[in-house]
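Please open the model in your viewer and keep the sequence panel beside it. The stops below each begin with something to select.

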Amino acid sequence: MQDSLFTLLQNSIIPNQCIICHKLHASNLCSDCLSKIPHKPNIWIHKYTQQKSLFAPKIHTNIQPNLVEGKLMSILTCTPFNDPIIRKSIHYLKYKNIPQIAEPLGAIMLRTLTQHIRLKSNIILCPIPLHPKRLQFRKYNQSLLLAQYLSDKLKLPLYLDLQRIRNTPQQMRIKDRRDRIENVIASFEAYSRAPKNSTIIIIDDVTTTLSTIQEAAKALSKQGFNDIHALILAH
Ligand SMILES: [Zn+2]
């Protein structure tokens, strides 16, 4: 009760401002600043795959062949993480308690996905989960918010039975590439079987070494998923 009253008061006294240009804007990232985020999609393709990728390249799509290993078949990323607007937006989404930024950021993912995906039935979206302890601290999972936005717009179901079983230090805080890969090994478990002939797309906000999504894909494959892909906002 106290919380919601405080939020109500806060919202009526301090209207939402764009975190970049400080113009008043409901979602905290105005359309002018949103449009400055570069549209630079990358498609990463599995080393040994014979099948057609779920994601079809378009003009100006950067293709990264032979880079994905393990159970993941392909990855579509939307924009470079070194762009200052995307960097700040993701930082505010994750660490400054501004969940409403998920909506404009979800719109970037929606545009990239709809431009590149080949039509297929039985597509399920799977957000990368937070460990329950971190969720308790952050109050919401930013990847779930992004996946929910996409699920609403595209009418696709969510798979919410992937869980983190180890509370690992945050990847962003680990500098060394090898340490980042080791940090997330065996940190996920999936709790329900794959629906027949389904394609699953893992949803996350950032990837650097691909190690988190590779580990999530391993856990999903143990439940019978064999057509596993990922859509990541920034790389
Ligand atoms: Zn702005």
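Select Cys126 and, leaving aside neighbours within four places in sequence, look for its contacts with Tyr159, Leu162, Ile200, Ile201, Ile202, Ile203 and Leu220, where two residues are in contact if their C-beta atoms, placed from the backbone, lie within 7 Å. Although Tyr159 is 33 residues away from Cys126 along the chain, the C-alpha atoms of the two are separated by 4.9 Å. Cys126 belongs to strand E4; strands (E, at least two residues) and helices (H or I, at least four residues) are DSSP runs, numbered from the N terminus. Cys126 counts as buried because it has 27 C-beta neighbours inside 10 Å; a residue is buried if 20 or more other C-beta atoms lie within 10 Å of its own, exposed if 12 or fewer, and partly exposed in between, with C-beta atoms placed from the backbone.

Before going on, bear in mind that this is a predicted model, in which local features need pLDDT of at least 70 and side-chain atom pairs count only at pLDDT 80 or more, while totals for chains, interfaces and linings use all residues. Residues are numbered from 1 along each chain as its sequence is written.

Next, colour the largest nonpolar core, which has 55 residues, and pick out Ile75, Cys126, Leu146, Ile202, Ile203, Ala216 and Leu220, the members that touch the most other members. A nonpolar core is a set of buried Ala, Val, Leu, Ile, Met, Phe, Trp, Tyr and Cys residues joined through C-beta atoms within 7 Å. Strand E8 (residues 228-234) supplies the largest share of this core, 6 residues. From Ile75, not counting residues up to four places away in sequence, follow the contacts to Trp44, Val68, Leu210, Ile213, His229, Ala230 and Ile232.

Now select helix H8 (residues 211-221), which is mostly covered, with 8 of its 11 residues buried. The buried residues are Thr212, Ile213, Gln214, Glu215, Ala216, Ala217, Ala219 and Leu220.

Thr112 counts as buried because it has 24 C-beta neighbours inside 10 Å, and, leaving aside neighbours within four places in sequence, Thr112 is in contact with Pro41, Leu76 and Cys78. Thr77 is 35 residues away from Thr112 along the chain, and their C-alpha atoms are separated by 8.1 Å. The other buried residues of H4 include Ala102, Pro104, Leu105, Gly106, Met109 and Leu113. Packing against the buried residues of H4 are helix H2 (31-35), E3, helix H3 (84-95), helix H6 (142-154) and E8.

Finally, colour by domain: the domain assignment gives domain 1 (1-36) and domain 2 (38-234), with bounds that come from an automatic or database assignment. Their C-alpha centres lie 27 Å apart, and the contact takes 8 residues from domain 1 and 9 residues from domain 2.

Zooming out, you can count 8 helices and 8 strands in the protein. Along its principal axes the C-alpha trace spans about 55 × 40 × 40 Å, and buried residues make up 38% of the 235 residues.
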